[in-house]
Every structure is written in structure tokens, then in C-alpha cells.
Amino acid sequence: MEYIDPHIHMVSRTTDDYETLARMGCVAMSEPAFWAGFDRGSVESFRDYFRQLTQFEPKRAAQFGIKHYTWLCINAKEAENVSLSREVIAMIPEFLSAPNVLGIGEIGLNKNTKNESTIFLEHVDLAVKYNQQILIHTPHLEDKYQGTRMILDMLMGDSRIDRSRVLVDHVEEHTIQAVLENGFWAGMTLYPVTKCTPQRAADMIERYGPERLMANSAGDWGPSKPTAIPDLIMELKRRGHSRELIRRVVYDNPVAFFSQSRQFLPLENS
Amino acid sequence: MSTDPKLHRRSAEEILADEFLQARSRILDLAAFLDRLERAPGSAEQEARMRLLAEGLEILCDDEVGKAQRVQLLMSRDYDPAWQTKYGIH
């Protein structure tokens with residue numbers, strides 16, 4: 001079955017992974033800007049990173065027939081450095097007209113601090129100013145519930161935000177309901193250690209239905225599995241779910257969400 | 001919350017038949033983890049994380065619904081609705 005991975009960090013993956021993903025049915029992906037495993041020292045590091053995301057990765061993906069999209073920001077971990085964050089935010093508009101940029105992301109919180117919140121709001125302001133969609137990172141483990149509620153407070157306190165153009169990622173059992181009930185899109189991140197298993201993601205689909213719900217692999221440099229979406233497809237098939245329901249979560253919903261960006265082009269042969 | 005019958009394809013009996021061995025395996029993993037702690041030198045009994053695990057196990061054994069959500073909330077930091085005032089962010 002063809003599918004789209006809406007949140008995968010391909011800069012962390014080998015070219016062999018692109019080939020495997022193509023063989024498994026991946027036809028498109030979106031790659032949010034994230035933490036590199038270390039704090040970068042200057043705005044020029046981010047400029048190079050954004051060139052990688054907008055120029056190099058689309059070409060690498062295209063070798064295997066995969067359409068590569070991306071999102072730009074300085075991530076929450078590095079947002080503790082407020083002055084660097086503001087330099088990066090001021091530089092992002094240079095890249096917003098690149099043909100594979102869908103919006104601003106993955107912005108969010110990490111340890112739920114004041115500085116992270118300040119920079120989150122400045123990213124939101126940038127997205128509104130340039131009419132960009134937003135992709136949101138919610139914290140992990142014990143910080144997730146608090147951080148997700150804080151993020152929703154900030155988004156819902158801004159009347160300029162069109163909630164149908166915001167994807168809140170890494171939802172789990174204790175955060176998914178608030179995200180969906182308030183009109184946002186929700187993404188479940190499938191991860192072998194922390195975050196969510198394919199089985200629990202299938203449970204959430206059964207509990208909340210497929211509307212405004214997606215799944216992704218994260219596929220980063222930590223213990224992660226870039227082919228996690230095919231695992232979810234298998235789990236849903238095993239439970240007897242229809243092809244229509246599965247396709248809605250892994251293909252139709254990403255297309256519907258991404259299509260709100262003028263840079264997203266219809267996929268061929270689908 | 002969906003009540004769409006199309007989203008609930010299997011009966012409880014079918015789910016138990018399909019997934020009993022996986023659930024058995026996970027209980028054994030947890031039991032072995034507790035045995036490992038018991039055998040090791042030192043004691044973790046007074047650690048807050050041990051209390052969280054014990055409370056999580058109680059949730060698994062009670063009669064209430066929404067166990068995964070309740071375990072998640074048990075393991076979560078509290079949310080303060082007045083956080084924006086405390087941070088001076090509006």
C-alpha cells in the first residue's frame with residue numbers, strides 16, 4: 001500500500017533507507033527541522049541545515065521516486081538560546097519560497113520553560129505573518145501532558161491561528177483527545193522504545209476514528225524505525241480493518257493536510 | 001470518541017485469543033524486572049519511581065476503564081493552568 005510519512009528526519013538516515021522506504025510503499029514524506037544531537041553555535045549552521053533540507057534531501061529522495069517536503073524552525077531544545085533563536089527566525093524567510101517547504105516546524109516545547117515558550121510564540125508569529133502551516137513537537141515522557149496543554153493554551157489564545165492548518169505531533173493516550181477536540185490535526189509517532197507502538201496507535205484509531213489523525217515514524221538518529229508506518233498498516237490489517245480506513249490514515253489525511261500549503265503538489269500515480 | 005462499529009472489528013474473545021501470548025510475555029518481562037531489582041545489591045524501594053510503578057500496577061488491576069490514559073497521567077508532571085501568568089507570557 002502506498003503511504004506518506006509526515007514526520008521523518010531523513011538527514012539521519014542512509015540512502016539505503018530511502019530505497020527500503022520506497023520498496024515498502026512510501027511515496028512522499030515531510031521532514032521537520034529538529035535537533036542535531038548537539039547545540040549548534042551560529043545562525044550559519046542553521047542556514048547550511050536549511051540548504052540541506054531544501055536542496056540536498058529532495059534530490060536524494062527523488063532518486064527513489066519519493067517526494068520530499070520539509071518544515072523550518074529552530075527546535076525547542078536550542079530555543080533556550082533566545083538570541084540565537086531570534087537570529088534563526090529572522091533568517092527563515094529566505095527559505096520559505098523553496099519548492100518543498102510546507103511551513104514552520106517542528107516548533108514546540110521540550111522542558112516546558114519560559115524561554116521555550118517565548119520562542120514558540122515568536123515562531124507562531126512568523127507562521128502567521130507568512131501564512132504558513134505549522135507542525136508542532138510535543139515533549140516526551142513526563143513532560144508531554146504539561147507541555148501539550150501549554151502549547152494548546154498558546155495556540156488557542158491566538159485568534160489568528162487556523163487550527164485546521166496546525167498538526168500537533170507525538171500525541172499519546174493522554175493528549176490526543178484535547179488536540180482533536182480543539183480542531184487541530186494530530187500525529188502519532190511510532191517508536192520502538194519511547195513514544196507509541198503500532199498496536200497503541202491502532203487502539204487510538206479505533207477509539208477516536210481516523211478524522212484529522214495521522215501516523216509517522218520520526219525516523220531520527222535515536223533508536224527509531226523508519227519503516228514503522230508499514231508496521232501500523234500490518235497491525236490494522238491484522239485486526240481486520242478496511243483498506244479504505246488504513247489509506248485514510250496513512251495517505252489521504254497527509255495529502256489533505258499538506259494540500260493547504262501552496263507548495264504541495266498532487267502526487268502522481270496515486 | 002468514536003462509537004463507529006466499523007472501528008471495532010474484533011470481539012473481546014477474539015482479542016484475547018489473538019493477543020494473550022503477547023500480554024503474557026509482557027507480564028513476564030515485568031516480573032523478571034522486579035526479580036532483577038530484588039536480587040541486586042542495594043535497594044530501590046524508597047525511590048519515587050518505584051512508587052510510580054506500584055501505582056501503575058494498581059491501575060492495571062482495578063475495574064476502571066482508560067487504563068493506558070490513566071497510567072500516562074500518573075507518570076506525568078502536573079499542568080498548572082496559570083502557567084502563563086507565572087512566566088509573564090500572554
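Modeller: Chain A and chain B share two salt bridges. This is a predicted model, where local features need pLDDT of at least 70, side-chain atom pairs count only at pLDDT 80 or more, and totals for chains, interfaces and linings use all residues. Side-chain values use heavy atoms, with hydrogens and water left out.

Biologist: What makes R77(B) and D143(A) a salt bridge?

Modeller: A salt bridge is a side-chain nitrogen of Lys or Arg within 4 Å of a carboxyl oxygen of Asp or Glu. The closest N and O atoms of R77(B) and D143(A) are 2.3 Å apart. So the pair meets the cut-off.

Biologist: Why is R165(A) called buried, and why has it no salt bridge?

Modeller: Buried means under 20% relative accessible area (1.4 Å probe, protein chains only), and R165(A) is classed as buried. The nearest side chain of opposite charge, D162(A), is 5.0 Å away. The limit is 4 Å, so no salt bridge is counted for R165(A).

Biologist: Where is R165(A), and what does it touch?

Modeller: R165(A) is in the loop between α5 (144-156) and β6 (166-168) of chain A. Leaving out residues up to four places away in sequence, its contacts (heavy atoms within 4.5 Å) include N131(A), F257(A) and Q260(A).

Biologist: How many residues does each chain bring to the contact between chain A and chain B?

Modeller: Chain A brings 32 residues and chain B brings 22.

Biologist: What is the buried area between chain A and chain B?

Modeller: Buried area is the accessible area (1.4 Å probe) that two parts lose on being put together, summed over both. For chain A and chain B that is about 2,600 Å², with 53% on carbon and sulfur atoms. On the chain A side, Q146(A), H174(A) and R207(A) lose the most area to chain B, together 20% of what that side buries.

How values were computed:
Residues are numbered from 1 along each chain as its sequence is written. Chains are lettered from A and ligands numbered from 1 in the order in which they are written. Helices (H or I, at least four residues) and strands (E, at least two) are DSSP runs, numbered from the N terminus. Buried means under 20% relative accessible area, exposed over 50%, partly exposed in between (1.4 Å probe, protein chains only). Lys and Arg count as positive and Asp and Glu as negative; His and the chain ends are not counted.
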